[in-house]
Amino acid sequence: MDNKFLRNLYMVPYAVWIIVFVIAPILLVLYYSFLDIHGNFSLVNYERFFTSVYLKLTLSSFWYAFLITLISLLVAYPTAYLLTKTKHKHLWLLLIIVPSWINLLLKAYAFIGIFGAYGAANNFLEFIGIGSRQLLFTDFSFVFVAVYIFIPFMILPIFNALNSLNPTLIDAANDLGASRWTTFSKVIFPLTLNGVKTGCQVVFIPALSLFMLTRLIAGNRVITLGTAIEQHFLVTQDWGMGSTIAVFLILIMFLIIRLTGFRKRGA
Amino acid sequence: MENASIIQFVNVTKTFADDTIVLDNVSFEIERGKFYTLLGPSGCGKTTILRLIAGFIEPTSGEVYFDGKKINHLPANKRQVNTVFQDYALFPHLNVFENVAFGLRIKREKKSVIEAKVKEALSFVNLSGYENREISEMSGGQRQRVAIARAIVNEPKVILLDEPLSALDLKLRTQMQYELRELQRRLGITFIFVTHDQEEALAMSDEIFVINKGKIQQSGTPIDIYDEPINRFVADFIGESNIVKGKMIEDYLVEFAGKRFTCVDGGITPNEPVEIVIRPEDLEITKKGAGKLEVTVHSKLFRGVHYEMTCRDVEGNDWLVHTTRKVDVGDMIGLDFEPEAIHVMRFDESEEDFDRRMEQYTEEEANG
Ligand SMILES: Nc1ncnc2c1ncn2[C@@H]1O[C@H](COP(=O)(O)OP(=O)(O)OP(=O)(O)O)[C@@H](O)[C@H]1O
Ligand SMILES: [Mg+2]
């Protein structure tokens, strides 16, 4: 009896946290999404979301998030694999993780400097004879910087998965005649799939709602769902529409988590 | 050319990065279709020998031959050898069927062939009907059998088994020892089995390699090794034994415990100091004065089938005796034994010299 009471007592801060910072805001967003620009109750925002403007926006948002996730994965997997083979792997991992502790805006401003007309990147292009060109405010620079920012979050779960892989399983695959590639595709990759899924989740979902980068690096050429929400709240003051997009963003997130859900096997 | 030997190690040395010598100039030969056991204490290099044969590591110096060809640098996936790993190393993301089928799928066998072979392999290890089980749903003993099925299904020329029974309880272990031995006879494949359990080695093998500190101390049939250990390490490691210091007086006459005894060993320089081995079960208890040795019973332990007693002779040597007779601590008794029960070991005798001497003197004995 006492025990149960105590246990419930421990739960209180957690419950308060969840209610105040998770459930209440979601309910609030849901409430606002049913208000039109004049504060009247209506479904107009939802109708608007299904017009071509917003559907295109969603699609392009998905496309960029997909690109960012894919490139991060392609860079992160081999990196994580090499890391597990190095002697001081945890030191190297730390070095890769450290940049993620630096504020996102600071990094964005740094890249403005690097990619600017007279920045280091253009100097380099000049030097190798390609000549300087417009780098900032292109979707290339947007994807590049986003990948740079997200890579540690992709590497970490993959590194953990690879690191906890029993090395005799690789010997066993070799022993049964598997080449390096077959060993990778039939044993190593399937057994680290959970790490890959986690990595994709923690990159894809935030990438859908990136907004500062779209302005600073992509010069508003790329508009993601995140940018749209920001614009509605801060520029057009249409909180209802902003909330509606947020509702869809939340739904999409749940859907993605559902789809990339873990299976128990091989964990 | 189909000669008897399938694997050969010639002066193989293996050192790891920190320069510790794990295998020291090891040479041996493995013949087709036999059951071999590598026996030795933990860390003596057993797994290292298997890994060299399987191709996971390369020797630092020396040569490894397979079927007459040097295979020092042949990668593991090109060798006709399959391994049952110390920790089984079954693929956790595949079910029993797919684990066993792994090697066949890599060889791109036809679907029907794979199905038939996997089925047969599973029935070999008494696991028919378990095809769709997940590995996590199998017991330790069942996993071990899946690991064996996964190896035999590829029909390799040699199967390497690294302490596959060490995780099992005594009963299952004994049962699996029979099953493995039986399986090897049915398949006719060479088995190289690793264990640090001497009883297991004696029960299962055609041939045993006793290894210590990266060196093969002695190789031979279980009976040879048990009856004629080359040195103190082997005598001590294989079974329980009484080892006392003695002196060789002349061929077939040895002195220990203050007396002279006839024995069957010869070829040793007269008056050379030697060590004597007598197995506990070869010592017979007699009435005081009726045996060859006079001893006092020091302690007694009930071991289920027999009593294990330690006795002490007048020179202070301890004698371990197995008996079913009732004797009390403090009793004076006699110990009797046959000349054949005495085994004489020289200090630092090489295996070649030992074998030569054994051959010569057993022949002489048989002839005359
Ligand atoms: N990769 C390695 N690097 C350095 N030393 C190693 C390596 N692998 C094995 N050793 C050393 O080699 C020695 C022999 O190891 P091995 O695994 O062959 O022993 P083993 O006879 O199989 O022992 P066990 O019965 O405990 O399995 C040990 O002292 C071990 O520490
Ligand atoms: Mg071992």
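# Contacts in a predicted two-chain model with a ligand

Guide: B:Arg51 and A:Asp171 form a salt bridge, with 3.1 Å between their closest N and O atoms. The model is a predicted one.

Visitor: Why is the pair B:Arg51 and A:Asp171 called a salt bridge?

Guide: The term requires a side-chain nitrogen of Lys or Arg within 4 Å of a carboxyl oxygen of Asp or Glu. The closest N and O atoms of B:Arg51 and A:Asp171 are 3.1 Å apart, so the pair meets the definition. Between chain A and chain B the count is one salt bridge. The count of residue pairs in polar contact between these two chains is eight, with both residues at pLDDT 80 or more.

Visitor: Which elements of chain A give two or more residues to the side that touches chain B?

Guide: They are α8 (167-175) and α9 (180-191) of chain A. The largest share of that side, seven residues, is supplied by α8(A). By class, the side of chain A that touches chain B has eight nonpolar, seven polar and four charged residues.

Visitor: How many residues are in contact between chain A and chain B, and what area is buried there?

Guide: The contact involves 19 residues of chain A and 22 residues of chain B. About 1,800 Å² is buried between the two chains, and carbon and sulfur atoms give 61% of that area.

Visitor: What makes B:Ser42 a polar contact of ligand 1?

Guide: A polar contact needs a pair of N or O atoms within 3.5 Å. For B:Gly43 the polar atom belongs to the backbone, and the distance to a ligand 1 oxygen is 2.8 Å. Ligand 1 taken alone exposes 640 Å², of which the protein buries 60%.

Visitor: Which residues surround ligand 1, and how do they divide by class?

Guide: Among them are B:Phe16, B:Val22, B:Cys44, B:Lys46, B:Gln86, B:Glu163 and B:His196. The shell consists of three nonpolar, seven polar and two charged residues. Helix α1 (residues 46-54) of chain B provides the largest share of the shell, three residues.

Visitor: How do you know that B:Glu207 and B:Lys34 form a salt bridge?

Guide: Their closest N and O atoms are 4.0 Å apart. The rule asks for a separation within 4 Å, and the pair is therefore counted as a salt bridge. Over all chains the count is 24 salt bridges.

Visitor: Why does the pair B:Glu207 and B:Lys34 tie together parts that are apart in sequence?

Guide: B:Glu207 lies in strand β9 (residues 207-212) of chain B, whereas B:Lys34 is in the loop between β2 (21-31) and β3 (35-39) of that chain, so the pair links parts 173 residues apart in sequence.

Visitor: Where is B:Val329 found, and which residues is it in contact with beyond its neighbours within four places in sequence?

Guide: B:Val329 is in the loop between β18 (318-323) and β19 (332-336) of chain B. Beyond those neighbours, B:Val329 is in contact with B:Val297, B:His298, B:Ser299 and B:Lys300.

Note on methods
Residues numbered from 1 in each chain as written. Chains lettered and ligands numbered in written order. Predicted model: local features only at pLDDT ≥ 70, side-chain atom pairs only at ≥ 80, totals over all residues. Heavy atoms only, no water. Near = heavy atom within 4 Å. Polar contact = N/O pair within 3.5 Å; in protein donor to acceptor, adjacent residues only side chain to side chain. Areas by Shrake-Rupley, 256 points an atom, 1.4 Å probe, with all protein chains shown as cover. Helix = DSSP H or I, 4+ residues; strand = E, 2+ residues; numbered from the N terminus. Nonpolar A, V, L, I, M, F, W, Y, C, P; charged D, E, K, R; others polar. Contact = heavy atoms within 4.5 Å. Buried area = accessible area lost by both parts, 1.4 Å probe.
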